[in-house]
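I am opening this notebook to keep track of what I look up, one topic at a time. My plan is to begin with an annotated stretch and then move on to how the chains meet.

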2 protein chains.
Amino acid sequence: MSSITEPVPGRTRGRMTRDARRAQLLELATELMIERGVDGFSTNELARRAGISNPLLFHYFPTRGDIVLEVVSATIEELVEQVRPNPELSPIDQLTEGLTRYVTYVERTRNGYLSLVRGAAAADADLRAVVDSSRTRIAGYFADSLAAAGIEVDAALSLLVRGAVAFVEEIALHWVESPQLGREDLVDLLRQALLRALPFSPEQLEALTS
Amino acid sequence: MSSITEPVPGRTRGRMTRDARRAQLLELATELMIERGVDGFSTNELARRAGISNPLLFHYFPTRGDIVLEVVSATIEELVEQVRPNPELSPIDQLTEGLTRYVTYVERTRNGYLSLVRGAAAADADLRAVVDSSRTRIAGYFADSLAAAGIEVDAALSLLVRGAVAFVEEIALHWVESPQLGREDLVDLLRQALLRALPFSPEQLEALTS
């Protein structure tokens, strides 16, 4: 989530460029929010961990909300990037790969993702818009894959695709809290449920595999 | 959502019992939050509409958060009550009735429901817990219907049921913002998608209709 190509410097008090300092603060803020949740994140603790004063922190990020918005946006951007489909695969394989990457990402970031996505809504309308727009973009990837396979995405199918994103998100978030199935079994469960839920004809299912 | 059996008195300044006044304030607060959203709701405006002073308002509800929590809880309680299944119907008919009532409720309360459910998360962890517990209860109704039809609700089916609730909610909220399908078509779409998504055998589907 850092825009610099150099490794982020450690927690030293030394001089840093403005970009490096911002990147370091965002890394530390991400760690903190993953540990404590968006609600539990405090700017005092962030300044302490970065070894800088509160006024200096507010020089980089005027409000706590600015930091939260940047961290949540970057995390969600990373997730959306994970599930961006590879156009060289068939739509079915895009779906399998997207689900695998989504579930792997959620598992890897565990409480962090949960806390960021659920907690994002906690803060303000800007954050809710970020989360909502990520769902819209993921639904868009899905709809694009269908359209590329020659399947007309009408109003009904468009609603089902949008619902499918919420379905996967809700299940992944519950699964990560209490993983009674293995990751591959979960991906399989999701893939089969989605392919059954969407009203594809046998010819359309055929088109989706090629 | 009022606990009194008398009609709620109008916006008079006259003396009211404590319960009647609280009920009136909650009715007005619900109207206001439906108009403006949870974020746009102000206690000043509520006191003005009720024709009482701010200190008197805070005598009934010590904080703005108390009012929001009561309004959102009552609204969501009403919704959960709407979809409580009638055990005299077959599971399939329970599903159809539950979906019809849910969609009708969301349509009737339109921006209100949207604003309350999405905005609920805006305020604090208590509100998120209320929304989350309503999803758990609705998923529980669904799982109970399946169990009553002799279908074993294992870990995988339990995840699918939970996802199904999010699926319906997401679709209903999008539909109400841009209703390109009629209400009955939507209910049909949802019912068919759910019945297909859940991995029922032909025998189980048979059991669900009786």
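Predicted model: local features only at pLDDT ≥ 70, side-chain atom pairs only at ≥ 80, totals over all residues.

Entry one, the annotated stretch. I looked up residues 42–61 of chain A and found that the end C-alpha atoms of this span lie 13 Å apart, and that the span is 75% helix and 0% strand.

Entry two, the relation of the chains. I superposed chain B on chain A and found that a rotation of 180° with 0.0 Å of shift along its axis does it, with an RMSD of 0.1 Å. That is the relation of a two-fold axis. I then compared the two sides of the interface: 100% of the interface residues of chain B are also interface residues in chain A, so the copies meet through the same surface.

I found 29 residues of chain B in contact with 29 residues of chain A, and the two chains bury about 2,600 Å² between them, with 68% of it on carbon and sulfur atoms. Of the area that chain B buries against chain A, Leu159(B), Phe167(B) and Arg196(B) supply 22%, which is more than any other three residues.

Side chains of opposite charge can pair when their charged atoms come close. Which residue of chain A does Arg162(B) form a salt bridge with? I found Glu170(A), with the closest N and O atoms 2.8 Å apart. Across the interface the rule finds two salt bridges, and it finds seven residue pairs in polar contact.

On the side of chain B that touches chain A, the elements giving two or more residues are helices H5 (91–123), H6 (125–148), H7 (155–177) and H8 (183–197) of chain B. H7(B) gives the most, with 13 residues. I sorted the residues of that side into 18 nonpolar, three polar and eight charged.

Over all chains the count comes to 22 salt bridges, and I looked up Glu77(A) with Arg137(A), whose closest N and O atoms are 2.9 Å apart. This pair links distant parts of the chain, with Glu77(A) in helix H4 (residues 64–82) and Arg137(A) in helix H6 (residues 125–148) of chain A, 60 residues apart.

Methods:
Residues numbered from 1 in each chain as written. Chains lettered and ligands numbered in written order. Heavy atoms only, no water. Contact = heavy atoms within 4.5 Å. Buried area = accessible area lost by both parts, 1.4 Å probe. Salt bridge = Lys/Arg side-chain N within 4 Å of Asp/Glu carboxyl O. Polar contact = N/O pair within 3.5 Å; in protein donor to acceptor, adjacent residues only side chain to side chain. Helix = DSSP H or I, 4+ residues; strand = E, 2+ residues; numbered from the N terminus. Nonpolar A, V, L, I, M, F, W, Y, C, P; charged D, E, K, R; others polar. Least-squares fit on C-alpha atoms with pLDDT ≥ 70 in both.
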